[in-house]
Amino acid sequence: MPYHVVVFKALIAKGYKCVVYWYETAPKTSYRAPKIEGLTLINRFSFKSSDSLFEDSKKYDPICVVSSGWVDKGYNKVCLTYRKFNIPTLAMSDTQWRGGKQWLNRLLSPIRHKRYFDYIWGAGILQFDYARKLGFKADRILLNCFGGDIDTFGKVSIKDKINNYPKRFLFVGRFVEVKAIDVLLKAWASIEDKKGWSLELIGDGPLKEQFKAMYPNVIIKDFMSQDELANAAQNAGCFVIPSRFEPWALVIQEFAAAGLPIIATKQCGAARHFVLNNYNGFTVEAEDVSALSQAMKKIMMRSDSELIKMSTNSRQLAFTVTPETVADTLISILK
């Protein structure tokens, strides 16, 4: 994904080579990664066993091994083998503690997570909390495993909005139930005096045509590239993410980098880091149509100068974590 690409580029710029075993396709999105000099991509499914995967990886003589979580048993076993050679291993995590079946993870962590990985590399504070529940000591938990494509979104001009602030709410994401676009549309419809504001939704997904038919006055567009999304942000005045649940939601950081005030649900992990009430936006409870409507009205009531200030604050928060920060966090554990 784009947020992986920018981190790989940052590592490569610092003199490191990156070898990535990957699943090749991203079925939930139309995005396809570009070719990057210094990055070797290998189809994970070319290897039928963890032993063959390990034997292939040995030829690259890795100085550390990062796994995208702990779901892939083959990756876990490879990490276990590398630990025997004192090569540090890390599991990236965007997982929040929610109880339920996670209690089993907590119980089995000594023979699973802690067996395979030296470190948990979490996205933020909620992931730190989960890693602690898994029994990892604080000095074995890293933060900031994700860094948004802030250079692309940071090119959006806040200055150009000073004299004519765009009155448009913007949503970007998949048209699926968990994104709660239905809640956003209900909140939008409940606002009688929209004060010249419009609502734009961008993305693909199974619910898209249904929403087009139900809300003909809402602007609905297809999936866009990063550059196209930055252009959409140039013409928008506030980013809204109404999701029922998002382990992280990196789009919050990216559209904050674009200088947009943000309305996000508290169930989005990244909201804890990149949205401060009354500073650069508002957080609301998921599925609360009234609260979301009120937050949108608060944005509508702000003067252009107040919205510009919120825009500046959003960008300031977004740039507290950069792709270079992510790369340096990984490098920090190397001897």
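User: Which residue of E4 is the bridge partner of serine 67?

Analyst: Alanine 91 in E4 is the bridge partner of serine 67. Strands here are DSSP runs (E, at least two residues) and helices likewise (H or I, at least four), numbered from the N terminus. This is a predicted model, in which local features need pLDDT of at least 70 and side-chain atom pairs count only at pLDDT 80 or more, while totals for chains, interfaces and linings use all residues. Residues are numbered from 1 along each chain as its sequence is written, and side-chain values use heavy atoms, with hydrogens and water left out.

User: How many bridges join E3 to E4?

Analyst: Three bridges join E3 (residues 65–67) to E4, and the two run parallel. Strands count as paired if DSSP finds at least two bridges between them. With helix H3 (residues 73–84), E3 and E4 make a right-handed β-α-β unit; right-handed means that, with the strands pointing away from the viewer, the path from the first strand over the helix to the second runs clockwise.

User: And what stands opposite methionine 92?

Analyst: Tryptophan 121 in E5 does. E5 (residues 119–122) is parallel to E4 and joined to it by four bridges.

User: Why is E4 largely enclosed?

Analyst: Five of the five residues of E4 (residues 89–93) are buried, so the rest of the structure largely encloses it. Buried means under 20% relative accessible area, exposed over 50%, and partly exposed in between (1.4 Å probe, protein chains only). Thr89, Ala91 and Ser93 cover one side, Leu90 and Met92 the other, and all are buried.

User: Switching topic. How many disulfides?

Analyst: Zero in the whole structure, taking a disulfide as a pair of cysteine sulfur atoms within 2.5 Å.

User: OK, salt bridges. How many?

Analyst: A search of the whole structure finds 16, each a side-chain nitrogen of Lys or Arg within 4 Å of a carboxyl oxygen of Asp or Glu.

User: What does glutamate 246 pair with?

Analyst: Lysine 179, with the closest N and O atoms 2.6 Å apart. The pair links distant parts of the chain, 67 residues apart. Glutamate 246 is buried at 9% relative accessibility, and lysine 179 is buried at 12%.

User: Is lysine 59 buried or exposed?

Analyst: Exposed, at 58% relative accessibility. Lysine 59 forms a salt bridge with aspartate 56, 3.1 Å between the closest N and O atoms, and aspartate 56 is buried at 16%.
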